[in-house]
There are 4 protein chains.
Amino acid sequence: MNVKAALREQRIETPSWAYANSGTRFKVFAQQGVPRTPYEKIDDAAVVHRLTGVAPTVALHIPWDKVDDYGKLASYARDRGVALGAINSNVFQDDDYKLGSVTHPDPAVRRKALAHLLECVDIMDQTGSRDLKLWFADGLNYPGQDDIRSRQDRLAEALHATCERLGADQRMLLEYKLFEPAFYVTDVPDWGTAYAHCTQLGDKAQVVIDTGHHAPGTNIEFIVSFLLRAGKLGAFDFNSRFYADDDLMVGSADPFQLFRIMHEIVLADALKPAAGIAFMLDQCHNIEPKIPAIIRSVLNVQEATAKALLVDREELSQAQQAGDVLAANGALMDAYNTDVRPLLRELREEMGLDPDPMAAYRRSGYAEQIVRERVGGEAAGWGA
Amino acid sequence: MNVKAALREQRIETPSWAYANSGTRFKVFAQQGVPRTPYEKIDDAAVVHRLTGVAPTVALHIPWDKVDDYGKLASYARDRGVALGAINSNVFQDDDYKLGSVTHPDPAVRRKALAHLLECVDIMDQTGSRDLKLWFADGLNYPGQDDIRSRQDRLAEALHATCERLGADQRMLLEYKLFEPAFYVTDVPDWGTAYAHCTQLGDKAQVVIDTGHHAPGTNIEFIVSFLLRAGKLGAFDFNSRFYADDDLMVGSADPFQLFRIMHEIVLADALKPAAGIAFMLDQCHNIEPKIPAIIRSVLNVQEATAKALLVDREELSQAQQAGDVLAANGALMDAYNTDVRPLLRELREEMGLDPDPMAAYRRSGYAEQIVRERVGGEAAGWGA
Amino acid sequence: MNVKAALREQRIETPSWAYANSGTRFKVFAQQGVPRTPYEKIDDAAVVHRLTGVAPTVALHIPWDKVDDYGKLASYARDRGVALGAINSNVFQDDDYKLGSVTHPDPAVRRKALAHLLECVDIMDQTGSRDLKLWFADGLNYPGQDDIRSRQDRLAEALHATCERLGADQRMLLEYKLFEPAFYVTDVPDWGTAYAHCTQLGDKAQVVIDTGHHAPGTNIEFIVSFLLRAGKLGAFDFNSRFYADDDLMVGSADPFQLFRIMHEIVLADALKPAAGIAFMLDQCHNIEPKIPAIIRSVLNVQEATAKALLVDREELSQAQQAGDVLAANGALMDAYNTDVRPLLRELREEMGLDPDPMAAYRRSGYAEQIVRERVGGEAAGWGA
Amino acid sequence: MNVKAALREQRIETPSWAYANSGTRFKVFAQQGVPRTPYEKIDDAAVVHRLTGVAPTVALHIPWDKVDDYGKLASYARDRGVALGAINSNVFQDDDYKLGSVTHPDPAVRRKALAHLLECVDIMDQTGSRDLKLWFADGLNYPGQDDIRSRQDRLAEALHATCERLGADQRMLLEYKLFEPAFYVTDVPDWGTAYAHCTQLGDKAQVVIDTGHHAPGTNIEFIVSFLLRAGKLGAFDFNSRFYADDDLMVGSADPFQLFRIMHEIVLADALKPAAGIAFMLDQCHNIEPKIPAIIRSVLNVQEATAKALLVDREELSQAQQAGDVLAANGALMDAYNTDVRPLLRELREEMGLDPDPMAAYRRSGYAEQIVRERVGGEAAGWGA
């Protein structure tokens with residue numbers, strides 16, 4: 001059956017930092033048993049993949065996941081059934097970056113930031129990662145604080161230099177975000193900005209859509225569709241939000257929106273790995289336990305995908321051509337209203353997995369085991 | 001003095017439809033004395049220019065301003081001291097356009113819409129207008145209603161055909177709008193979409209920023225700066241809004257934002273007519289009298305411009321380079337906090353104008369005259 | 001079975017104006033076969049009830065539904081199996097109301113507006129309606145335009161006078177709306193304002209929640225829960241929106257939100273008619289055919305309700321008490337993810353209805369019949 | 001002169017935490033010379049008052065400003081020309097509060113939180129503070145996580161117990177906030193919720209408006225006016241924001257809004273201390289130096305107030321009564337467009353102050369002095 005075949009092929013990347021402590025500016029509520037090293041993060045990611053069957057890679061964040069020997073880390077991952085995924089740069093947690101990184105007025109700071117980006121490519125060479133994911137916290141808090149246009153020039157320069165350094169099979173994924181931590185201007189605030197830079201940079205540069213990074217009222221599936229048409233969609237950072245935050249489990253705030261996004265992906269036949277879209281989670285589990293929250297998130301994406309695959313495209317297209325608004329909307333809603341959980345349980349059994357990954361995790365004793373074993377050392381933190 | 005010289009050069013285009021009746025979906029409150037013909041709209045626009053000295057052109061909207069002889073209309077305008085400006089197309093008020101115009105699933109509707117766009121270029125040839133301004137009400141109200149990507153293909157096709165038809169000195173200005181009248185997808189919802197199409201279309205296609213057409217929290221001056229850097233900013237539609245509407249007098253909701261926008265214009269030396277940016281009003285005066293509201297709007301743009309011209313760029317730039325956040329913000333605010341009304345009164349006197357155009361209009365008796373004279377016939381309405 | 005028993009009891013009121021033509025400020029796309037009289041609107045509402053079994057009343061809008069003999073209208077409705085519901089006042093479509101109605105600075109306009117409200121109560125006496133629904137378009141477009149506080153005084157005075165006039169079994173339902181048609185201040189902009197006035201007015205005054213009338217990011221189910229706790233929730237106006245409009249079919253933009261709202265209703269045992277909450281639709285079907293859109297909307301409310309009734313409250317409550325975030329969220333999502341369409345088909349068959357009301361309407365030939373028969377006369381319009 | 005007399009009377013309270021380090025969830029950029037103790041915070045607050053003349057009190061935050069002897073702290077402040085102001089409780093930074101404080105499902109956590117609130121009243125008895133300011137981070141991240149209504153019951157219980165404990169001259173100020181740190185439900189999300197609780201609690205409970213805590217599009221001056229009319233406005237927390245944050249210097253994002261707020265205050269004659277409205281700052285200076293940023297903020301409030309005092313109320317009122325929209329708006333704008341800096345310089349000279357507090361601070365050498373002297377110890381942090 002086509003739907004199941006497509007679901008078997010699906011790949012969702014989990015982020016190393018989601019396994020670690022995180023919080024808001026008000027408080028980080030530390031959890032017991034969180035990993036203390038990149039190796040332990042990989043242990044946890046491997047558990048998620050073992051139970052879901054569709055999360056075979058884990059994204060790293062540099063310097064949070066810095067190790068002496070990335071080859072060893074990659075082989076450690078391989079031994080546990082997973083692989084290292086995208087390398088995420090971090091040019092926002094050093095004191096030098098108070099007023100920006102690659103867009104900073106001071107060339108010395110810009111050089112330092114660029115050196116970090118290039119270092120990330122070095123790491124990619126060692127991990128075998130295809131994707132360099134760039135998110136910049138750069139921006140302004142006050143009108144007049146810096147020159148908007150000059151900062152674009154500086155940004156373009158850094159992106160160009162980084163792109164130049166990429167190997168033949170490597171890509172740069174550029175993320176945008178409306179605001180936070182900058183409160184007035186963000187230097188890459190929207191998909192248009194990311195798209196324009198990526199177009200200038202050429203084929204190796206692609207846009208990342210983080211589902212939590214838009215102004216209220218933004219139609220995300222439109223952006224998905226537009227970037228797919230333009231050949232410029234490189235990846236998703238999945239999460240969800242009700243307001244301006246971007247921390248919640250994907251699909252928890254607006255599951256219908258997630259379905260509409262996956263519908264555009266299915267329409268463009270972009271679900272399959274060969275299409276080159278990286279489907280990643282980027283979330284912070286501030287109050288809920290990390291590993292089951294990540295499992296839940298993977299399942300949410302999977303359920304939305306299954307529904308999208310069930311859309312009767314023939315019926316939809318005919319109603320659209322006929323201008324039958326209610327029938328066209330009805331064709332989409334029929335798929336959305338279907339309960340796909342039985343289908344997914346069946347799929348998992350066929351894949352040799354437990355049909356209920358959440359229950360399987362609970363039964364596994366892993367949660368208790370890590371609390372017991374991960375004593376001493378420093379718990380890794382979001383930003384640690 | 002440079003500031004005054006720059007202000008003398010400023011050109012603000014007023015829209016013919018702002019002189020006519022308009023309203024919300026709930027009610028159009030008709031006003032007495034509103035024009036009944038394109039000729040009377042030009043009479044009113046001429047009054048605005050006579051009093052302000054900086055509004056020498058008036059934009060037309062087709063078919064609202066359809067006349068048999070555009071040469072005659074142009075010469076009528078010329079006799080009154082103004083010229084015809086941009087031609088605005090209208091592909092949203094015919095029953096055929098219920099589900100779209102250039103993006104409609106039915107090719108017959110698309111052909112009809114394209115024919116209208118080309119007719120507008122014919123009219124431009126007659127009026128001598130440089131700019132064709134395109135705003136599409138096209139979009140979807142319900143998920144699934146039509147295929148987002150196919151609609152982009154259809155849009156691109158119509159834009160291409162229209163662009164091809166343009167003469168050597170003519171331009172296409174593409175406007176975007178987050179939503180309304182479409183409530184779920186708008187086919188040109190944001191600057192990124194307009195920019196991407198204009199980039200494909202080449203040098204004759206430029207983006208229009210309507211200040212009322214953004215999602216909450218959007219930083220408009222960033223878009224201004226970005227498009228100026230990319231050479232893709234063609235025009236402004238000025239107005240203001242507190243929520244999602246775009247009807248209020250420019251500068252009435254957030255005068256500081258208008259100042260920040262004009263600051264980017266001044267920084268890029270894009271105020272002067274040679275820079276090719278068209279500064280237009282696009283407003284609806286639903287409850288206030290039309291002509292003085294338009295005068296007020298022109299003055300608001302002028303005041304914001306004067307403040308932007310007063311920014312001490314040397315001081316600003318030094319503070320920015322030094323990373324002195326408060327000093328840089330302070331340099332901008334010093335100009336904003338200046339009362340420029342005395343300067344503008346002086347300028348008007350130097351230009352042979354009344355220093356207070358609002359008072360001069362009140363004294364002129366024109367308001368009473370049009371109420372007296374414009375009796376009978378059909379008052380022109382926004383959308384009439 | 002409890003779920004079915006609760007669903008059998010459910011009552012959804014449809015609005016007379018949703019059967020008539022409506023549109024945006026840009027264009028009303030007239031449809032064929034729309035009703036020309038209040039009697040024909042009742043015919044259409046009767047069809048919706050006949051097919052769905054849960055829409056036994058129809059709300060009137062005065063003056064749009066003015067007739068000489070309301071007793072006759074009520075009896076006409078009764079003969080067709082429906083009853084007249086809430087009376088909706090209209091103090092926004094007369095030229096006098098340009099600057100407000102009950103809040104207008106001119107006492108003569110206020111008296112006129114109040115007279116209309118009292119007339120609506122007269123009509124209620126004749127129709128036997130329990131509820132007077134008040135929505136005021138009153139507000140300001142510009143800062144300074146009028147005194148915010150004085151307008152509250154005037155509003156309070158009119159509400160008080162109207163409340164005094166109500167009979168023993170009559171209620172006043174006060175609606176709030178963030179903005180539109182007023183663009184700067186709305187005199188009843190949020191639930192807090194409506195609640196404060198209703199608290200002053202006493203037991204007969206209750207708040208209406210229109211699901212489309214909130215600022216972005218507002219948590220509507222919180223308001224539902226809060227007003228239920230305070231005993232001040234009187235009614236819903238159901239519809240949905242993606243942006244700032246409030247026109248779309250309820251449940252079409254965010255079905256999960258609708259479910260969460262109905263969950264609060266079920267938790268408070270407020271679904272049953274005895275609880276006194278009026279569940280009304282308030283929508284505009286601008287591009288889709290009216291009657292099937294209303295049927296679809298009724299079904300959407302019914303589906304959300306069925307899911308809310310399926311929540312395992314014991315499981316939910318235990319997880320909440322235990323602070324198990326994922327389990328508590330999971331208990332809610334389990335119900336939401338259930339496909340309730342089979343259950344509802346079963347229920348309809350037990351009620352002697354066609355299991356698929358949309359298909360039954362298509363087969364009925366009613367759509368073709370009204371197009372054939374409703375020729376000549378003036379089609380009723382939203383605001384006609 | 002009345003304007004100057006009113007300005008002399010103005011009192012703005014600065015918050016102890018604004019002098020300390022703060023940041024976003026991404027990074028706290030530590031500054032040199034920030035205070036290490038409550039005593040040093042008072043030193044800084046005294047400098048702000050010495051230079052501006054209108055900031056005579058400093059708000060404390062417990063436990064951040066916990067000391068052994070509050071009498072000694074109060075006398076230390078008095079010696080430096082300032083007094084201790086409102087006591088701010090903190091029930092969000094203890095591990096127990098992960099799922100709430102006074103609304104937590106576990107009664108033991110609720111008891112602990114209540115004990116802290118009562119402890120704050122004990123401290124007020126010692127400091128002589130009139131106001132207890134309550135802000136709760138309580139809320140939910142996920143639908144279903146806890147029962148919305150039960151949490152209101154628990155909240156009401158804690159507020160009641162705290163109110164009971166207050167002395168005859170003490171007040172409770174209840175703050176609301178749309179979201180953050182909770183991402184789905186906030187237990188006191190809007191003014192309506194705070195108002196409803198305060199109304200139940202009686203005269204000692206008043207609402208706090210934090211200018212940064214609203215949904216996009218919220219009209220804050222409407223809320224100011226409404227609460228003043230209801231006698232329920234207790235205080236302001238001033239700051240500003242472009243998006244969803246609330247960290248920026250008051251008046252820096254939308255100075256026109258600040259003016260409109262102060263206009264409502266002036267209209268209600270609520271500026272004078274006897275009116276009982278506490279005007280406080282609540283800001284985080286993440287990237288700009290703290291003390292001059294606070295001075296700048298005080299000046300911004302002062303400038304907005306001066307403009308509000310300059311409104312020609314007679315002219316305004318006449319235009320409003322006459323329904324002259326443009327003249328009424330014009331009367332307000334005339335005051336806003338006035339440059340009040342000369343007036344304020346004059347006022348300061350009359351008060352024996354330096355006419356330019358920002359320059360006076362720079363010249364004072366205090367910034368360099370604290371960097372030199374505050375070495376060693378632990379810099380106080382926002383949340384430290």
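The structure is a predicted model, in which local features need pLDDT of at least 70 and side-chain atom pairs count only at pLDDT 80 or more, while totals for chains, interfaces and linings use all residues. Residues are numbered from 1 along each chain as its sequence is written, chains are lettered from A and ligands numbered from 1 in the order in which they are written, and side-chain values use heavy atoms, with hydrogens and water left out.

The interface of chain A and chain B was examined through its contacts, where contact means heavy atoms within 4.5 Å. By this rule, 50 residues of chain A are in contact with 50 residues of chain B. The buried area, defined as the accessible area (1.4 Å probe) that two parts lose on being put together, summed over both, is about 4100 Å² for chain A and chain B, and carbon and sulfur atoms give 60% of it. On the side of chain A, the most area is lost to chain B by A:Arg149, A:Phe222 and A:Arg229, which together account for 16% of what that side buries.

A salt bridge is a side-chain nitrogen of Lys or Arg within 4 Å of a carboxyl oxygen of Asp or Glu. Between chain A and chain B there are 2 salt bridges. B:Arg229 forms a salt bridge with A:Asp153, with the closest N and O atoms 2.6 Å apart. Polar contacts were counted as pairs of N or O atoms within 3.5 Å; within protein, one must be able to donate a hydrogen and the other to accept it, and residues adjacent in sequence count only if both atoms are side-chain atoms. Across this interface, 12 residue pairs are in polar contact, both residues being at pLDDT 80 or more. Helices (H or I, at least four residues) and strands (E, at least two) are DSSP runs, numbered from the N terminus. Elements giving two or more residues to the side of chain A that touches chain B include α5 (148–165), β7 (185–186) and α7 (220–230) of chain A. The residues of this side divide into 25 nonpolar, 14 polar and 11 charged; Ala, Val, Leu, Ile, Met, Phe, Trp, Tyr, Cys and Pro count as nonpolar, Asp, Glu, Lys and Arg as charged, and the others, Gly among them, as polar.

Chain B also meets chain D, with 28 residues of chain D in contact with 28 residues of chain B. About 2200 Å² is buried between chain D and chain B, 59% of it from carbon and sulfur atoms. There are 2 salt bridges between chain D and chain B, and D:Asp334 and B:Arg341 meet in a salt bridge at 2.9 Å, N to O. α11(D) gives the most to the side of chain D that touches chain B, with 5 residues.

Within chain B, 12 of the 13 residues of α8(B) are buried (under 20% relative accessible area; exposed is over 50% and partly exposed lies in between, with a 1.4 Å probe and protein chains only), so the helix is largely enclosed by the rest of the structure. B:Phe256, B:Arg260 and B:Glu264 are among these buried residues. α8(B) is followed by B:Asp269, which has a positive phi near 55°.

In chain C, C:Gly71 is found in helix α3 (residues 70–79). C:Gly71 is partly exposed, with a relative accessible area of 33%. C:Gly71 and C:Asp125 are 54 residues apart in sequence and 9.7 Å apart in space, C-alpha to C-alpha.
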